[in-house]
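View the sequence and structure first.

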Amino acid sequence: MGPLSVNLCGIELDNPVIPASGTFGFGYEFAELYDINCLGTFSFKGTTREPRFGNPTPRIAEAPSGMLNSVGLQNPGVDAVISRELPRLKTCFSKPVMANVSGFSVEEYVDVCAALDPQPQIGWLEVNISCPNVHGEGMSFGTDPNAAAEVTRAVKAVTTKPVIVKLSPNVTDIVSIARACEDAGADGLSLINTLLSMRIDLRTRRPILANTTGGLSGPAVFPLAVRMVYQVAKAVCIPVVGLGGVSSAENVIEMMLAGATAVQVGAANLVNPFACRDIISDLPRVMEEYGIKELNEIIGGASEWEKM
Amino acid sequence: MKQEVLTITENRPLTDAMMELKLSGDVSAVTQPGQFVNLKLDGFYLRRPISVCDCRQDELTLLYKVVGQGTRALREMKQGETLDVLLGLGNGYDLSVSGDAPLLLGGGAGVPPMYWLCRELIAAGHSCTVILGFNTASEIFYEREFLDLGAKVIITTADGSRGVPGFVTGPMADLCYSHFYVCGPEPMLRAVYRASRTSGQFSFEERMGCGFGACMGCSCKTVTGYKRICRDGPVLRKEEILWDR
């Protein structure tokens, strides 16, 4: 094990840096720019049972130190991911990949996870529970501990791969959702997904996004993400993947001090396509600057003082 | 696609709102008229996609319209300052299907990409007609530049203050052409689509996240499936366009 390596749910990562789902496609656009095998792993585009076009455009708006998106889970559907995207990915990425799964019903999550489970390229299933439940009056699975637990339990029953539940920050008490997922058998948690937000165009006096609202990401959300990772990591015994506005090696270390075992990088990839490569190459220098010998040792370090 | 730091050699107004920006450095990643670049501006999170107006050895010309805070900040930048630029984005126009007498149509901020295209088509021995549409006489730019390339230039203004009154589709109706290329606001693209009698290529604009195909922020539906304006476009062929996107 090198000084950057971490263990995420039983699988060793060369480093904790993971491009977040929806900002890295299925990897090829970035593989044209650099060797993506330098990554810990990456989380591929959120995959649903059927192909989805997603929301109408405009899907993107800017924010101070961040951006809003309402892409709406555009993806080719799980069958095409298995038959087309995974074989293509094999040509440029040799590590286990994280499969991001979305659904609009418990059955859909189960079907997608069951279909992906036999794929040897997939290391983890990251289950995005921020989608609205079509059987639950449009309420997101991720805002109700019982619904979150139900999805977790159902998915765990159809896979032997580690299940990482991706939590929504659009809740009053994220710790109760995190605990419900842990109790239902989740092997890990990732947080935070984007924050429900809105911008209005002063000229047209209308929302900029065709979908009216969208998810905020980027450095603007980083302190909030650190707080939630800190609270959740203290409350559960399973590994936490921290994300939300991470854009530098310093941010990675801060997330790990908050309690993250691994760290995802999202919006930064869209502004600087080399962001993850640069963060990974910066890590040894920044670790030295702060007297860190092994990244493993600092996980959750910021809560040590509370135990004194 | 390449990421380069380019130096501003010129940043001057052409009209009240249109600016001409010249950048020097390694621009070899720009290979095709109709491509665009994505500029990082200090103080703004997302990059600004801007079409390529001209590209020569070590020099890139971009024309941009000042419409918001980002372009206002760009207007304030001075000669000698540098910009972080992603270069060579998008598919660009296919010049091989132009025929002998291509027609180029640009509307307002859609005029710039026609310039390099026109220069290349003329260099390849074609006779180009260019229709440039503006709202009013004071907004006209690059008429001289297109004439200097040897193109036949027709100006239209919506308010009739110069050239042919009305829209680019007016003079288009009386012309014979082998193929057309168009860039402009969407109502103009739709009008040209309806008025056209040959094959043609349309350059589309959309709010983008990344500009290189990763975020799915600028997707559209086409006859041949979903496409990303930034990567599979911005140029779409007439026969693949679905207007009810």
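This is a predicted model: local features need pLDDT of at least 70, side-chain atom pairs count only at pLDDT 80 or more; totals for chains, interfaces and linings use all residues.

Chain B holds an open sheet of 7 strands. The order is β4-β3-β7-β1-β2-β6-β5, and the pairing is antiparallel. β4 (48-51) and β5 (54-56) of chain B stand at the edges. Each has a single partner strand, so one side of each lacks a neighbour in the sheet. From one strand to the next, the twist averages 35 degrees.

Strands β1 (residues 2-13) and β7 (residues 82-89) of chain B pair in the antiparallel sense. Their pairing runs over 6 bridges. Within it, Val5(B) stands opposite Asp84(B) in β7(B).

## A helix on the sheet

Helix α2 (residues 112-123) of chain B packs on this sheet. The helix touches β4, β5 and β6 (59-65) of chain B. The direction of α2 in chain B makes about 45 degrees with that of β5(B).

## A helix pair in chain A

In chain A, helix α4 (residues 145-156) packs with helix α5 (residues 174-183). The angle is about 30 degrees, and the axes lie 8 Å apart. Angles under 35 degrees count as roughly parallel, so α4(A) is roughly parallel to α5(A). Their crossing is right-handed.

From α4(A), the contact involves Pro145(A), Ala148(A), Ala149(A) and Thr152(A). They meet Ser176(A), Ile177(A), Ala180(A), Cys181(A) and Asp183(A) in α5(A). The residues of this contact divide into 6 nonpolar, 2 polar and 1 charged.

Technical notes. Residues are numbered from 1 along each chain as its sequence is written. Chains are lettered from A and ligands numbered from 1 in the order in which they are written. Two strands pair if DSSP finds at least two bridges between them. Helices (H or I, at least four residues) and strands (E, at least two) are DSSP runs, numbered from the N terminus. Axes are lines fitted to C-alpha atoms, for helices over the stretch in contact, and angles run from 0 to 180 degrees between N-to-C directions. Two residues are in contact if their C-beta atoms, placed from the backbone, lie within 7 Å. Angles under 35 degrees count as roughly parallel, over 145 as roughly antiparallel, 65 to 115 as roughly perpendicular and the rest as oblique. A crossing is left-handed if the near helix is turned anticlockwise from the far one by less than a right angle, and right-handed if clockwise. Ala, Val, Leu, Ile, Met, Phe, Trp, Tyr, Cys and Pro count as nonpolar, Asp, Glu, Lys and Arg as charged, and the others, Gly among them, as polar.
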